[in-house]
Amino acid sequence: MASSDGKPLPTPASAGGAGGAAPPGQPTTVASKVLDMGAAAMQFLRPVKQVKQHVCTFALYAHDPKRQVETHHYVSRLNQDFLQCAVYDSDRADARLIGVEYIVSRKIFESLPAEEQRLWHSHAHEIKSGLWTSPHVPTPLEKAELDHLATTFGKFWCTWQVDRGDRLPLGAPALMVSPQADPAATVRPDLVRKRDDRYGFSTEELRAARFDVEAPAEEHPGKADYWLRHRKGFAVDVVPHEMKRHAPFP
């Protein structure tokens with residue numbers, strides 16, 4: 001199945017059914033809950049505890065930018081030039097993990113081969129337009145981070161196309177891209193309004209407050225935002241491949 005498929009083949013994990021959008025399965029048992037509580041108390045869970053930020057923004061499918069989703073990034077900073085984000089469909093306790101985004105500085109992005117750069121998107125417009133925001137974080141505290149993020153680039157793979165109604169992660173992963181100042185890459189107003197109403201802020205006001213956020217001089221540096229400049233997206237397909245046969249280990 002290609003990531004550009006409109007709908008997966010009908011399965012119990014497709015849209016609808018008694019479970020609605022929730023994954024199919026039985027309620028969690030008491031024994032499992034006890035195990036989870038005990039493990040949480042005794043294990044370190046170091047990678048998870050490195051998550052320091054929650055960011056709400058929007059993403060577009062590279063092969064079909066009119067398909068758009070609200071995304072919630074839980075961000076870990078490995079260093080000043082590299083961030084990694086677990087991406088969920090909401091900020092609720094039962095949120096579904098729908099993908100992962102890697103974010104790199106301009107310096108790292110420019111070191112990548114041209115073929116690799118085509119898979120990455122710029123963040124300048126997303127930041128300056130107020131679409132990218134950290135809910136409940138005061139604007140003065142966020143300012144330095146926004147200046148930095150406006151010069152970064154992301155590569156976002158969606159592994160669960162919940163907007164199709166899929167109740168499980170089905171098919172191939174899909175490459176996602178960021179909103180841009182172009183009619184083909186504008187986030188639908190109803191999505192933005194829904195997000196703003198939930199958190200009690202205005203994207204328009206955020207945009208006005210970010211007039212002085214610094215951004216790269218060129219709109220699409222390097223090979224980033226390839227889909228927007230060439231009007232050609234990328235889709236992933238799953239194809240049979242001859243397995244490699246290695247000699248057995250001694």
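Predicted model: local features only at pLDDT ≥ 70, side-chain atom pairs only at ≥ 80, totals over all residues.

Begin by selecting Tyr-61, Ile-127, Trp-132, Phe-156 and Met-176, which touch the most other members among the 22 residues of the largest nonpolar core. Now colour strands E1 (51-61), E2 (64-79), E3 (82-88), E4 (97-104), E6 (153-158) and E7 (174-177) together with helix H6 (139-149), as each of these elements gives two or more residues to this core. Apart from this core lies another, of 18 residues, including Phe-58, Ala-62, Phe-153 and Ala-185.

Next, centre the view on Trp-132 and show what it touches beyond four places in sequence: Val-55, Cys-56, Thr-57, Ile-103, Glu-126, Ile-127, Leu-146, Leu-149 and Arg-210.

Is Gln-161 buried or exposed? Its relative accessibility is 2%, and Gln-161 therefore counts as buried. Display the side chains of Gln-161 and Arg-67, which make a polar contact with each other at 2.8 Å. Leaving aside residues up to four places away in sequence, Gln-161 also touches Ser-3, Tyr-61, Asp-166, Ala-172 and Ala-174.

Finally, turn to the largest pocket, which holds about 340 Å³ of space. Select Val-69, Glu-70, Asp-89, Leu-191 and Lys-194, the closest to its centre of the 15 residues that line the pocket. Both E2 and helix H7 (189-199) give two or more residues to this lining, and colouring the lining by class will show nine charged, three polar and three nonpolar residues.

Technical notes: Residues numbered from 1 in each chain as written. Heavy atoms only, no water. Core = buried A, V, L, I, M, F, W, Y, C linked by side-chain atoms within 4.5 Å. Buried < 20%, exposed > 50% of the residue type's maximum accessible area, 1.4 Å probe, protein only. Helix = DSSP H or I, 4+ residues; strand = E, 2+ residues; numbered from the N terminus. Contact = heavy atoms within 4.5 Å. Polar contact = N/O pair within 3.5 Å; in protein donor to acceptor, adjacent residues only side chain to side chain. 1 Å grid on protein atoms, 1.4 Å probe; cavity = no way out; pocket = protein on both sides within 12 Å on 5 of 7 lines; lining within 4 Å. Points joined across faces, edges and corners; volume = space filled by probe spheres on them. Nonpolar A, V, L, I, M, F, W, Y, C, P; charged D, E, K, R; others polar.
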